[in-house]
Amino acid sequence: MKSGLSFLLILFCTVSIAQQSGKHTMRKTITEVSNAILDSFENDIRNEIAAKDIAGAAYVLYHKGAVVRLKAFGESDVDSHRPMQTTDIFRLASMTKPIASLALLLLQEDGLINMNDRLEEYLPAFTNLVVLDRIDTLNGMTVLQTHPAKNPILLRHLLTHTAGFASQHSGKLKSFYQSTFKDISPNDITYFADQLASLPLNHEPGDGWIYGPSINIAAKVIEQVSGMSFQDFLEKRILGPMQMHETRFYLDSTEANKLTSLYTRDANGVMKVVDPGTVSSRFISGPKVHYSGSGGLTSTLNDYLKFCVMILNNGVHEGIVVAKPETIALMKTDQIPLNINGDLNTQPGQLTEGFTFGYQIARTYNNKSLKPKGTISWFGATGSIFFIDPQEKVIGIYMTQMQPYSHINSRKNFSNSMLKSIMK
């Protein structure tokens with residue numbers, strides 16, 4: 001076949017994903033894919049590695065029951081020149097949130113909570129909240145002008161980022177959040193919840209969208225209602241049944257050889273280590289007390305793909321019902337008002353993105369992305385990104401470890417490249 005042909009036919013008899021405890025097998029007979037588009041995307045990754053924009057990356061493309069491509073590039077640790085592997089462990093950061101969101105929804109499935117319950121019923125610290133009006137200065141002192149919140153925070157507001165919490169990402173309270181939570185690792189999520197409850201809200205609960213720490217509060221609700229630690233609940237209800245054995249909050253020293261290093265770039269654009277992929281990593285040697293639902297998990301491509309496929313399959317993993325179809329439907333359905341845009345990069349008048357219980361959802365095609373209506377997605381602050389297209393049954397997951405990541409073009413183009421490669 002000539003390389004200029006747009007689409008090539010690839011026959012997959014059996015695609016196996018190796019896991020620590022055995023093999024996870026997905027089957028599909030035939031899928032069509034544009035190798036040229038995927039090859040071009042991979043060349044972009046190689047060029048970014050050569051330019052020292054990133055140390056390495058790995059990705060997987062899944063379509064209608066088959067893994068189309070699963071590849072790794074570059075190095076997981078530059079100093080030791082350890083090659084990146086598809087089985088390496090990455091910091092998920094905010095890609096933890098969909099897993100934690102499902103965990104809270106499982107309590108609703110059990111009949112123990114309802115998404116329309118008031119948060120204060122479970123965490124009394126969130127009673128008598130106040131909303132910020134403005135920030136004044138008096139004799140050099142900062143003065144917060146507030147009023148009592150008219151609406152309570154509901155559990156649904158936690159999973160949709162509409163509670164109004166102070167956030168490091170946006171809103172008028174960024175500096176207050178940052179000074180309150182300079183280092184969250186030495187304290188558990190009970191301490192985190194109490195401290196967050198002491199800060200004003202950016203807006204009335206339900207009246208706006210500010211991406212922030214609300215999934216940590218969801219994790220605390222899970223502990224309160226279940227009587228279990230958040231990590232134990234995840235293990236019992238999600239990670240264990242799905243054999244996601246390489247998804248956890250903290251690692252043993254024996255796993256250091258699989259942990260990727262996290263990098264940033266200095267003022268001159270030179271890569272430097274933020275957290276090493278060695279026994280010195282905070283995920284191995286640091287305090288292991290903060291089990292963050294907002295961004296604490298580490299995982300592999302294979303494990304995260306398992307979770308995404310289960311979502312795609314409406315709660316079923318290899319014959320095991322992890323969640324009911326109606327629970328998963330809540331994670332695939334827009335849960336915020338149409339006059340609110342669920343996007344960190346909102347432009348004036350833009351209402352193209354909604355938010356489900358756990359994911360951003362494309363409300364319509366827009367000029368930024370080829371993601372079809374109904375596509376759910378999110379990303380992590382350490383550089384990784386993913387999407388699930390339920391209609392065409394496409395999953396794409398891209399893992400790298402660079403913070404910030406705005407200069408990584410392969411990451412920017414990832415979803416479009418993957419979707420183009422399977423379009424007819």
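## Basis

Residues are numbered from 1 along each chain as its sequence is written, and side-chain values use heavy atoms, with hydrogens and water left out. In this predicted model, local features need pLDDT of at least 70 and side-chain atom pairs count only at pLDDT 80 or more, while totals for chains, interfaces and linings use all residues.

## Largest pocket

The largest pocket has a volume of about 1,100 Å³. A pocket here is an open set of points on a 1 Å grid over the protein atoms alone, where a 1.4 Å probe fits, with protein on both sides within 12 Å along at least five of seven lines. Volume is the space filled by probe spheres set on the points, which are joined across faces, edges and corners.

Its lining has 40 residues; lining residues have an atom within 4 Å of a point. Gln168, Ile184, Arg282, Ala381 and Gln403 lie nearest the centre. At least two lining residues come from each of α4 (174-180), β12 (271-275) and α8 (282-285). Helices (H or I, at least four residues) and strands (E, at least two) are DSSP runs, numbered from the N terminus. By class, the lining has 17 nonpolar, 17 polar and 6 charged residues. Ala, Val, Leu, Ile, Met, Phe, Trp, Tyr, Cys and Pro count as nonpolar, Asp, Glu, Lys and Arg as charged, and the others, Gly among them, as polar.

## Second largest pocket

The second largest pocket has a volume of about 680 Å³. It is lined by 24 residues, with Asn345, Lys368, Phe379, Ile385 and Arg411 nearest its centre. The lining splits into 8 nonpolar, 10 polar and 6 charged residues.

## Aromatic rings

There are 23 aromatic pairs in the structure. Rings of Phe, Tyr and Trp (its six-membered ring) pair if their centres lie within 6.5 Å; planes under 30 degrees apart count as stacked, over 60 as edge-to-face and the rest as tilted. Tyr59 and Phe73 are stacked, at 6.4 Å centre to centre and 10° between the planes. Tyr59 sits in strand β5 (residues 56-63) and Phe73 in strand β6 (residues 66-77), 14 residues apart.

## Backbone features

Gln403 and Pro404 are joined by a cis peptide bond, with omega about 0°. Pro404 lies in the loop between β20 (394-400) and α11. Lys52, a residue other than glycine, has a positive phi near 60°. Lys52 is in the loop between α1 (35-50) and β5.

## Helix pair

Helix α2 (residues 97-109) and helix α6 (residues 214-226) meet through residues including Leu104 in α2 and Ile222 in α6. Contact means heavy atoms within 4.5 Å.

Technical notes
Axes are lines fitted to C-alpha atoms, for helices over the stretch in contact, and angles run from 0 to 180 degrees between N-to-C directions.
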